[in-house]
Every structure is written in C-alpha cells, then in structure tokens.
Amino acid sequence: MALTKVPASLLDKSAHVDFADNERIRLGTSQDLEIFHDGTHSFIQDSGTGDLIIYGTGEDLAKFKDDGAVELYYDGSKKIETTSAGGTITGTLTVTGDLDITGNVNSASVT
C-alpha cells in the first residue's frame, strides 16, 4: 500500500525529505503543481488554472502566465516581458558581443 497523504502535524520540518528520481511532490487538491527530478533535469509542472509565480522576500521574481507570457523581475520591478508579438525590456540593454537584428530598427536615437 502506498502512502498517499501525510498530515502536516506528523512531518518533522527540521529535517529534509529525500525522493528518488522521478518521484513527484504533488500539491493542491487537484494535484495541479508537481515538482520532480528525472535523474538529469529538474521540473516544476503547473497544470492548474492561474499563473505560476516565483516569489522572493516580499516581491515577485518571475511570473509564468497561463497564456504563455513570461515576466521577469529585478528587485520587484518588471524588466523583461514576453508576449505573442515578441518581448519588451525595460531599462538599459547591455550587449557583449554581436547584436544581430532581423527586421526593421525603429528609433529616434540610435548610436
């Protein structure tokens, strides 16, 4: 018989819990969030409704939107955002090496 549920009151939170490769931590009543390692790669799989949000000390770090968009934050401020049309970077973009652009460059000031 497999152990499927452990009451939180029985867990020793001062120690760690080891899982073998491909064993999954499933969270939520519908088990819509899974965390696992397959021996090579680590995965966070969100199959529920809503966004997957990585939250740091009092602020957002990253949001993975239900529609496929991604938002990355620095010190609580959104700096990179993807959309179906492409992406937006807020702030200064510093490039080391070549910058290859396909398409038009539209800017009032390009140096």
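These notebook entries record what I looked up in the structure shown above.

**Entry 1. Ground rules**

I worked with a predicted model, in which local features need pLDDT of at least 70 and side-chain atom pairs count only at pLDDT 80 or more, while totals for chains, interfaces and linings use all residues. Residues are numbered from 1 along each chain as its sequence is written, and side-chain values use heavy atoms, with hydrogens and water left out.

For the elements I followed DSSP runs numbered from the N terminus: strands (E) have at least two residues, and helices (H or I) at least four. I took two strands as paired if DSSP finds at least two bridges between them.

**Entry 2. The sheet of three strands**

I first looked up the sheet with the order β1-β2-β3, which is open and has antiparallel pairing. Its edges are β1 (24-27) and β3 (42-46); each has a single partner strand, so one side of each is left without a neighbour in the sheet. The twist averages 10 degrees from one strand to the next; for such angles, axes are lines fitted to C-alpha atoms (for helices over the stretch in contact), and the angle runs from 0 to 180 degrees between N-to-C directions.

I then examined the pairing of β1 with β2 (residues 33-37), which is antiparallel and has four bridges. Within this pair, arginine 26 stands opposite glutamate 34 of β2.

**Entry 3. Residues around β1**

I noted asparagine 22 in the segment before β1. Its phi is near 70 degrees, a positive value in a residue other than glycine. Asparagine 22 is partly exposed at 45% relative accessibility.

In the loop between β1 and β2 I found glutamine 31. Its phi is also positive, near 55 degrees, in a residue other than glycine. With a relative accessible area of 38%, glutamine 31 is partly exposed.

Glycine 28 lies in the loop between β1 and β2 and is partly exposed at 48% relative accessibility. I also looked up its separation from threonine 92: 64 residues in sequence and 40 Å in space, C-alpha to C-alpha.

**Entry 4. Aromatic pairs**

How many aromatic pairs does a search of the whole structure find? The search returned one. It consists of phenylalanine 36 and phenylalanine 43, which are stacked, with 4.9 Å centre to centre and 15 degrees between the planes. Here rings of Phe, Tyr and Trp (its six-membered ring) pair if their centres lie within 6.5 Å; planes under 30 degrees apart count as stacked, over 60 as edge-to-face, and the rest as tilted.

Are the two partners buried or exposed? Phenylalanine 36 is buried, with a relative accessible area of 10%, whereas phenylalanine 43 is partly exposed at 32%.

**Entry 5. The sheet of five strands**

I next followed the open sheet with the order β4-β5-β6-β7-β8, whose pairing is antiparallel. The edge strands are β4 and β8 (86-89), each with a single partner strand, so one side of each is left without a neighbour in the sheet. The twist averages 10 degrees from one strand to the next.

Strand β4 (residues 52-55) runs antiparallel to β5 (residues 60-64), and four bridges join them. Tyrosine 55 faces aspartate 60 of β5. The two strands form a hairpin with four residues between them, and glycine 58 in the turn has a positive phi of about 75 degrees.

Strand β5 is in turn joined to β6 (residues 70-74) by three bridges, again antiparallel. Phenylalanine 64 has valine 70 of β6 as its bridge partner. In this hairpin five residues lie between the strands, and glycine 68 has a positive phi near 105 degrees.

Further on, β7 (residues 77-83) pairs with β8 over four bridges in the antiparallel sense. Isoleucine 80 stands opposite isoleucine 89 of β8.

Definitions and conventions: Buried means under 20% relative accessible area, exposed over 50%, partly exposed in between (1.4 Å probe, protein chains only).
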